Amino acid sequence: MSVFTTVTPDEASTWLGQYAIGTLVELNGISSGIENTNYFLTTTHGRYVLTLFEKLTHDELPYFLNLMDHLARHGVPCPQPVATIADSLLTSLNGKPASIVSCLSGKSLETPGIAHCAQVGETLADIHLAGKTFPFQRDNPRGAAWWKVTAQQLMPFLDADSAQVLLDEVRFQALHRLQDLPRGVVHADLFRDNVLFDGERLSGVIDFYFSCQDVWLYDVAISVNDWCVSDEGGLDEERMLALLSAYHAVRPFTPIERGAWPVMLRAAALRFWVSRLYDLHFPRPGELTHAKDPVHFERILRQRVTAQSQLQRVWV
Ligand SMILES: Nc1ncnc2c1ncn2[C@@H]1O[C@H](COP(=O)(O)OP(=O)(O)OP(=O)(O)O)[C@@H](O)[C@H]1O
Ligand SMILES: N[C@@H](CCO)C(=O)O
């Protein structure tokens with residue numbers, strides 16, 4: 001269960017005094033999620049989500065909370081942070097930075113269909129466009145510099161073949177960073193578990209805590225690698241076309257983005273292979289969590305590398 005920091009009903013009741021959202025009715029730990037402690041918080045005014053941030057600091061958090069506030073104001077279905085009476089989106093609880101956001105309806109899907117993928121593509125493009133007027137900046141902490149350093153730390157844990165694939169990909173990406181691709185705010189973790197559906201309708205995007213400024217196409221590739229993956233790590237063409245077409249209808253891809261697509265799919269696979277390996281081999285002390293399988297993304301990366309070299313053989 002992913003409650004790293006326990007909050008008792010008494011502690012929550014006292015803490016709630018700084019908000020104007022009524023008094024505590026119920027507090028329930030949320031078992032999914034691997035980064036933060038989350039509780040469903042019901043008060044006399046309604047239902048909310050209380051998050052205690054386990055790694056992110058008071059200095060880092062205003063970016064994410066302000067971003068959710070900005071996107072929600074622009075009509076993106078995402079949690080709306082709740083301000084305290086003193087007008088702060090961020091407080092502290094049991095020694096951790098903490099926030100309250102609105103609770104969205106719906107639940108995440110494990111096996112999305114074409115119509116779900118289309119809504120994800122459309123919403124991702126909406127996030128990118130609405131993010132254009134977001135005034136704050138944050139570099140990607142899990143970008144090229146991070147995966148280069150982390151790959152070295154992981155070497156002792158990998159067999160020779162996987163180690164070679166990892167080093168080759170880090171090198172490949174260093175040679176192919178396409179700096180002139182359109183960029184702006186990205187979600188950077190728009191996986192199936194971070195999108196809620198109420199019936200067939202996309203009801204919310206959650207977990208903006210990897211958001212930053214990066215290449216928009218990279219964000220699309222992160223989503224496609226999860227939403228459109230087939231059992232063997234390949235891509236389901238129908239779901240991918242649905243996601244890409246719906247995105248393109250809102251924010252048309254540029255010619256340079258079309259050329260960069262295979263490289264971005266590889267970059268997106270590399271990023272999550274490395275983070276899953278890191279979380280597996282360097283767990284936080286006392287962590288009791290759902291470790292995610294790194295091999296899944298190793299398989300995806302190998303598949304994307306092969307697919308790109310097959311494409312190149314067709315083109316030459
Ligand atoms: N605003 C919200 N409305 C409804 N449910 C939410 C909301 N925020 C979080 N949840 C629920 O809590 C679960 C865990 O949240 P989240 O994915 O943000 O966890 P995390 O540990 O912060 O992130 P990660 O996905 O990186 O593990 C979600 O799967 C969802 O069920
Ligand atoms: N979405 C990530 C975990 C949280 O960032 C993964 O599946 O590895």
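Mentor: Helices H6 and H8 cross in the right-handed sense; a crossing is right-handed if the near helix is turned clockwise from the far one by less than a right angle, and left-handed if anticlockwise. Helices (H or I, at least four residues) and strands (E, at least two) are DSSP runs, numbered from the N terminus. This is a predicted model, in which local features need pLDDT of at least 70 and side-chain atom pairs count only at pLDDT 80 or more, while totals for chains, interfaces and linings use all residues. Residues are numbered from 1 along each chain as its sequence is written, with chains lettered from A and ligands numbered from 1 in the order in which they are written.

H6 covers residues 216-227 and H8 covers residues 255-281; their axes come within 8 Å and cross at roughly 55°. The pair is therefore oblique, since angles under 35 degrees count as roughly parallel, over 145 as roughly antiparallel, 65 to 115 as roughly perpendicular and the rest as oblique. The axes are lines fitted to C-alpha atoms, for helices over the stretch in contact, and angles run from 0 to 180 degrees between N-to-C directions.

On the H6 side, the residues that meet H8 are Leu 217, Tyr 218, Ala 221, Ile 222, Val 224 and Asn 225. Their counterparts in H8 include Glu 257, Trp 261, Met 264 and Leu 265. Contact here requires C-beta atoms, placed from the backbone, that lie within 7 Å. By class, this contact has 12 nonpolar residues, one polar and one charged. Ala, Val, Leu, Ile, Met, Phe, Trp, Tyr, Cys and Pro count as nonpolar, Asp, Glu, Lys and Arg as charged, and the others, Gly among them, as polar.

The crossing of H4 and H8 is left-handed. Trp 147, Thr 150, Ala 151 and Leu 154 in H4 meet a set in H8 that includes Leu 270, Arg 271, Val 274 and Tyr 278.

Five bridges hold the antiparallel pair of S1 and S2 (residues 37-43), and Glu 26 stands opposite Thr 42 in S2. S2 is joined to S3 (residues 46-52) by seven bridges, again antiparallel, with Thr 37 opposite Leu 52 in S3. The hairpin from S2 to S3 passes through two residues. S3 and S5 (residues 96-102) run antiparallel over five bridges, where Leu 50 has Ile 100 in S5 as its bridge partner.

How values were computed. Contact = placed C-beta atoms within 7 Å. Pairing = 2+ DSSP bridges.
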